Amino acid sequence: MMRAFYHPDQALHAPQQYMRFGRVVRARDLPERTERLLQALAGRGIPVETPPPVGMDPILAVHTADYVEFLRTAWDQWQTLPEDRGPEVWPATFPYWSGRPERRARPAPRPTGLLGRLGWYLGDMSVPLDAHSWTSIRQSAETAVAGAEAVADGAGLAYALCRPSGHHARADRASGFCYLNNSAIAAARLALRFGRVAVLDVDAHHGDGTQQIFYDRPDVLTASIHADPADYYPFYTGYADEAGAGAGAGANLNLPLPHGSGTGAMQAALQLAAEAIRKFDARALVVALGFDAHRADPIGVLALDSGDFAAIGEAVSRLDLPTLIVQEGGYGIDVLDPSLTAFLQGLGG
């Protein structure tokens, strides 16, 4: 039986605004997403466990202490701004940074005031913070840790229903609805137990944060199947020539898909990713599972149907590794339940 983890406090984060095509629109990462995913688990008879507190060490193994402290305190500092401030912590300035991919993180920012640090730590306008965001962010990370601990303790398969998502979060920056990188936190935890870990990211968007965190590490292979970023978020990473750096050279694989791709292209990419994972001799697997490759996703550009996610589950099952599934994106509310159900059916194969 697959073990599943979720904390109800993850639903407290309820962003109100999101910048898209030059307009402030309704946020996409709504608490209702988790309700639909929980329905899918219940439909399969999978009980959901509440993750226990684990402390900050697993988070700080991946993220810088100054960034985590910013997330923890930003809302309280926002309250000290003039009364005409907006309803959420939201950046308006962004620093120029010609970062190098082999650098795990930037130095701490020179500004000491909140407004200057907002643009440093919040990388775009899809990551607002409210009074409850830090609680949800931390519980989402602890959900991933609980899943990783279950796999490390001998469970062959676990599912961490994480919200907010995480794969766009870098070591010191939030972006793309992501604040702490749940998949990376889990992979780092599993590496302590298994030595060599693979992260297979099948979200429609490139897992740029996960890539950056492990780009120079030889013990974690990151393989991402995603829509071509030449004209799709996150735009600046996710290209096939990004293969790792230093000791991590060769341990990063990007498989961008043409926009409009369906299950055939996805399955071909899954085969290439599986070959790389086997060649890497991974001893455990983290699957960063997004459902925004669905043709009905409101911000997607790929063309999978709900049933196509069964093939992804089957591909994961054939790898025959201790596996943690970490939930990432997927914003077509009505297709989340059938998509997760199909994935679980394929996984149980």
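**Aromatic pairs, cores and cysteines**

Tyr-18, Phe-177 and Tyr-331 form one aromatic cluster. The model is a predicted one. Seven aromatic pairs are found in a search of the whole structure. Among them is the pair of Phe-177 and Tyr-331, which is edge-to-face. Its ring centres lie 5.2 Å apart, with 75° between the planes. The pair links distant parts of the chain, 154 residues apart. Phe-177 sits in the loop between strand S5 (157–160) and helix H6 (182–194). Tyr-331 sits in the loop between strand S10 (323–327) and helix H10 (333–348). Phe-177 is buried, at 9% relative accessible area. Tyr-331 is buried too, at 8%.

Tyr-233 and Phe-235 form an edge-to-face pair, because their planes stand at 75°, with the ring centres 6.1 Å apart. Tyr-233 is partly exposed, at 22% relative accessibility. Phe-235 is likewise partly exposed, at 35%.

Two arginines lie over aromatic rings. The charged end of Arg-193 sits over the ring of Phe-194, 4.7 Å from the ring centre. Arg-196 lies over the face of Phe-280, at 4.0 Å from the centre of that ring.

Tyr-18, a member of the aromatic cluster, is also touched by Met-125. Met-125 lies in the loop between helix H4 (114–121) and helix H5 (133–152). Beyond residues up to four places away in sequence, Met-125 touches Tyr-18, Met-19, Trp-90, Pro-91 and Phe-94. The relative accessible area of Met-125 is 22%, so this residue counts as partly exposed. Met-125 and Ala-174 are 49 residues apart in sequence, and their C-alpha atoms are 9.8 Å apart.

The largest nonpolar core holds 53 residues. Phe-70, Leu-129, Leu-180, Leu-190 and Leu-324 touch the most other members. Helix H5 supplies the largest share of this core, 10 residues. A second, separate core has 49 residues, including Ala-4, Leu-37, Met-266 and Leu-336. Leu-129 of the largest core has contacts with Phe-70, Leu-71, Ala-74, Trp-75, Glu-88, Val-89, Leu-122, Ile-137 and Tyr-179, leaving aside neighbours within four places in sequence.

No disulfides are found in the whole structure. For Cys-162, the nearest cysteine sulfur is that of Cys-178, 10 Å away. Cys-178 is in no disulfide either, and its nearest cysteine sulfur is that of Cys-162. A disulfide requires sulfur atoms within 2.5 Å. Cys-162 is buried, at 1% relative accessibility. Cys-178 is also buried, with a relative accessible area of 1%.

Conventions: Residues are numbered from 1 along each chain as its sequence is written. This is a predicted model: local features need pLDDT of at least 70, side-chain atom pairs count only at pLDDT 80 or more; totals for chains, interfaces and linings use all residues. Side-chain values use heavy atoms; hydrogens and water are left out. Helices (H or I, at least four residues) and strands (E, at least two) are DSSP runs, numbered from the N terminus. Buried means under 20% relative accessible area, exposed over 50%, partly exposed in between (1.4 Å probe, protein chains only). Contact means heavy atoms within 4.5 Å. A nonpolar core is a set of buried Ala, Val, Leu, Ile, Met, Phe, Trp, Tyr and Cys residues joined through side-chain atoms within 4.5 Å. Rings of Phe, Tyr and Trp (its six-membered ring) pair if their centres lie within 6.5 Å; planes under 30 degrees apart count as stacked, over 60 as edge-to-face and the rest as tilted. A charge sits over a ring if NZ of Lys or CZ of Arg is within 6 Å of the ring centre and within 35 degrees of the ring normal.
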